Amino acid sequence: MFLRRFFEPQLAQASYLIGCVQAKEAIVIDPNRDLRPYLEAAEAEGARIAHVTETHIHADYLSGSRELARLTGARLYLSDEGGPDWRYGFEGDTNVVRVKDGHVIQVGNIRLEVIHTPGHTPEHISFLVTDGAAADEPIGAATGDFIFAGDVGRPDLLERAANMAGTMEVGARQLWASLQRFAARPDWLQIWPGHGAGSACGKGISAVPHTTLGYEKRFNWAFRAKSEADFVAGVLAGQPEPPRYFAMMKTLNREGPAILGGFRHPPVLDVAGVASALRSGAIVVDTRPAPDYAAGHIPGTISIPLNRSFTNWAGWFLPYDGDFFLIADGAALDAVVRDLALIGLDRIAGAAPESVVEDWASAGRPLGHVPQITAADLRESLAHGAVTLVDVRNQAEWDAGYIAGARHVTLGYLPGRVAEIPTDKPVVMQCAAGARSAIAASLLKARGVDRVINLEGGIGAWRAAGLPVETPEPATAGRA
């Protein structure tokens, strides 16, 4: 048996290639849309990808299972659990095999037993993997979004991201029951989870790539909960705000993701093309580093820097039902196109090179700027009532302490709440360290709010300067 783990940092997502050396065939579990790593790894092992599967209908990325199965001629195994409301819609795909609890997928000498593990989602399944050439008991389990290292999959996404009222407490109780059943398995069982640290599918996932059931039973908070009621309260408390695009991912992954056929570069834009796009009301994303955008940018563009958070914020702010444009070139453009494809944002109508900003200025067109303010200067401005302060951190961060006088609008919800922000004086945007607030400043400027400033270093710099923070009253903590 061979096992290869693939980790996608933009999604904090793990997928697996498991194969039989003797039969020279393999299965891929939970592939994302970048199929090249799986194909290259299988070729390096001298194996054919004969089987593809996934643990559930994903919410945080667009699945590559359907396309990988078509490309390789593999069978595609999909959960048939969770009832009629949770069936996949791949009715026209003749290579699909529906599986339920107890079903077995045979990959040469490798045996994968399907285990229904509802909670994160009703249809969620895990796979017990036995290397038949060496053992008659499982070596590990591919647990998807069921058990993580240090945490478990959140059961609230259907309600909070897909607006399916009344599902999160039901899901939490299902998850508790799944954990109780799974805990009876041997402590040596390796756990191969579907996400690592940084994923929005849990609130405290470890960066450790794999673990064992025995270790998790000893140290994972979820296994140590005293009762179902304690577990339900614990798993639903403090979960981060789910990105807006999660609801779209659920729909697309259930109905059947479009076949991408590789990453394609969009048409190249010049100054006139960018100007035309902006006049049409389309979103133009400047992917340069935030300091470059602050120093000079094309007015009307928004800043989403190409970094580890790019895909997350793109999913919050870019449309699935309309075209959008980019400022990026070279290797950065390659990365942007790929990263957007991971969450199904394929409608890139054009891309301008980074030099378009200089060309814009050379053509006599004015550039926009985002001034920075230090913590000390902000304190003075607040004392004199000279600015409006907007904190764009998430709810849990706000509840842990905020700058007196700040308004709280979580960054993801800012576009729909711009009208709530007074503009009679300069607006200072603030987050933890200055990165999210830089994006927030660009969103306001693109909406016509001209006097926008970014707090350099965020509340971290404020605290480092020895300046005070406040905490909400218990009755108000936790409100959106």
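Which elements do the buried residues of α1 pack against? They pack against β1 (2–8), β2 (13–20), β3 (25–29), β4 (48–53) and α2. The model is a predicted one, in which local features need pLDDT of at least 70, side-chain atom pairs count only at pLDDT 80 or more, and totals for chains, interfaces and linings use all residues. Residues are numbered from 1 along each chain as its sequence is written, and side-chain values use heavy atoms, with hydrogens and water left out.

**Terms**
- Buried means under 20% relative accessible area, exposed means over 50%, and partly exposed lies in between (1.4 Å probe, protein chains only).
- Contact means heavy atoms within 4.5 Å.
- Helices (H or I, at least four residues) and strands (E, at least two) are DSSP runs, numbered from the N terminus.

**The chain as a whole**
- The chain has 17 helices and 21 strands.
- Along the principal axes, the C-alpha atoms fill a box of roughly 75 × 55 × 35 Å.
- Of the 480 residues, 54% are buried.
- Among contacts with a separation of 6 or more, 67% are between residues 24 or more positions apart.

**Helix α1 (residues 36–45)**
- Tyr 38, Ala 41 and Ala 42 are the buried residues of α1.
- Seen down the axis of α1, these residues fall within an arc of 100 degrees, so they line one face of the helix; the arc is that of the directions from the helix axis to the C-beta atoms.
- An α-helix has 3.6 residues a turn, so residues three or four places apart point the same way.
- Glu 40, Glu 43 and Ala 44 are exposed on the other side of α1.
- Gly 46 follows α1 and has a positive phi, near 70 degrees.

**Helix α8 (residues 246–255)**
- The buried residues in α8 include Phe 246, Met 249, Lys 250 and Asn 253.
- Because the buried residues of α8 fall within an arc of 100 degrees when seen down its axis, they line one face of the helix.
- Their cover includes α3 (157–160).
- Just after α8, Gly 256 takes a positive phi of about 120 degrees.

- Arg 66 lies in helix α2 (residues 65–72) and counts as buried, at 16% relative accessibility.
- Not counting residues up to four places away in sequence, Arg 66 touches Leu 76, Phe 90, Asp 93, Gly 256, Pro 257 and Ile 259.
- Leu 76 is ten residues from Arg 66 along the chain, and their C-alpha atoms are separated by 7.1 Å.
- Thr 410 lies in the loop between β19 (407–408) and β20 (427–430), and its 10% relative accessibility makes it buried.
- Leaving aside neighbours within four places in sequence, Thr 410 is in contact with Glu 241, Val 392, Arg 393, Asn 394 and Gln 395.

- Ala 12, in the loop between β1 and β2, has a positive phi of about 50 degrees although it is not a glycine.
- Ala 12 is buried, with a relative accessible area of 3%.
- Lys 24, in the loop between β2 and β3, has a positive phi near 55 degrees.
- Lys 24 is partly exposed, with a relative accessible area of 48%.
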